[in-house]
Amino acid sequence: AFAAATGVMPLDMPESVLVRFKGKLQPGITLRDLVHAIPYYAIQQGLLTVEKKGKKNIFSGRILEIEGLNDLTVEQAFELSDASAERSAAGCTIKLPEQAIAEYLKSNITLLRWMIGEGYGDPRTLERRAQAMETWLAKPELLEADKDAEYAAVIEIDLADVKEPVLCAPNDPDDARLLSSVQGRKIDEVFIGSCMTNIGHFRAAGKLLDKVKGGIPTRLWLAPPTKMDAHQLTEEGYYGIYGKAGARMEMPGLSLI
């Protein structure tokens, strides 16, 4: 109504927090460790606190801008940016090289054309999407931060220093800790699921559980993020492995315990 009455629409842009990675990923360190490294380093700099009383969270309501991870695929970038919700951020951007975007779009064009051939959905809509991607590929252009951009805070993370897994204590994704600091503690329950997982995580879990003789000593819940993933895991025999290990299977979906 305001825009209709005045002909303009003011937009207040939130401040940004820059997270700049540098160096090479160390052996054994996963993308999830990088997700947890962000709050861990913020805690070290006094930009984030775990205590609820007088809590400080530099990310809350701000845009999380990430750069320095040029080897990520678009799918990995999505997983990393999706974790901005755990930081209570208003949004997230990740700087990727043009080639990574192009490879992702080319695979999507192939998929869309296959879907058209299979009679899936509205072929005109799918074709318009494919053509829009081809238009971008013909003249690629990516948004970048201004060289003199100002940030509410800048967090530098040297990947050479991330030498061990970074975990989060139960019930608080801000409570990031190094594995060595909680080593030896008894684990009662394990949950694998939510939108932060993909089918690869469940395959990896299945391969580990397949090596277990007898039941596992913890209570394990598994909830694949989609019905499609659950069907594929069943076809590949992983649900049988989960059952033998004593895991509890939950309905597929973006579950969180």
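Modeller: The discussion below sets computed values against their definitions. This is a predicted model, in which local features need pLDDT of at least 70, side-chain atom pairs count only at pLDDT 80 or more, and totals for chains, interfaces and linings use all residues. Residues are numbered from 1 along each chain as its sequence is written, and side-chain values use heavy atoms, with hydrogens and water left out.

Biologist: Why is Arg87 called buried?

Modeller: Buried means under 20% relative accessible area, exposed over 50%, and partly exposed in between (1.4 Å probe, protein chains only). Arg87 has 2% relative accessibility and therefore counts as buried.

Biologist: Where is Arg87 found, and which residues is Arg87 in contact with?

Modeller: Arg87 is in the loop between α3 (74-82) and β3 (91-94); helices (H or I, at least four residues) and strands (E, at least two) are DSSP runs, numbered from the N terminus. Contact means heavy atoms within 4.5 Å. Apart from neighbours within four places in sequence, the contacts of Arg87 include Val35, Phe59, Pro173 and Asp174. A polar atom of the Arg87 side chain lies 2.8 Å from the backbone oxygen of Pro173.

Biologist: Why is Ser88 called partly exposed, and what is the value of its phi?

Modeller: The relative accessible area of Ser88 is 42%, so Ser88 is partly exposed. Ser88 is in the loop between α3 and β3, and its phi is positive, near 65°, in a residue other than glycine. Most residues other than glycine have a negative phi.

Biologist: What makes Asn171 exposed?

Modeller: Asn171 is exposed because its relative accessible area is 78%. Asn171 lies in the loop between β5 (166-168) and β6 (176-178), and has a positive phi of about 70° although it is not a glycine.

Biologist: How many residues line the second largest pocket, and which classes do they belong to?

Modeller: A pocket, on a 1 Å grid over the protein atoms alone, is an open set of points where a 1.4 Å probe fits, with protein on both sides within 12 Å along at least five of seven lines; lining residues have an atom within 4 Å of a point. The second largest pocket has a volume of about 800 Å³. Its lining has 25 residues, and Thr93, Lys95, Leu143, Glu144 and Ala145 are the closest to its centre. By class, 14 are nonpolar, 3 polar and 8 charged. The largest share of this lining, 4 residues, comes from α3.

Technical notes. Polar contact = N/O pair within 3.5 Å; in protein donor to acceptor, adjacent residues only side chain to side chain. Points joined across faces, edges and corners; volume = space filled by probe spheres on them. Nonpolar A, V, L, I, M, F, W, Y, C, P; charged D, E, K, R; others polar.
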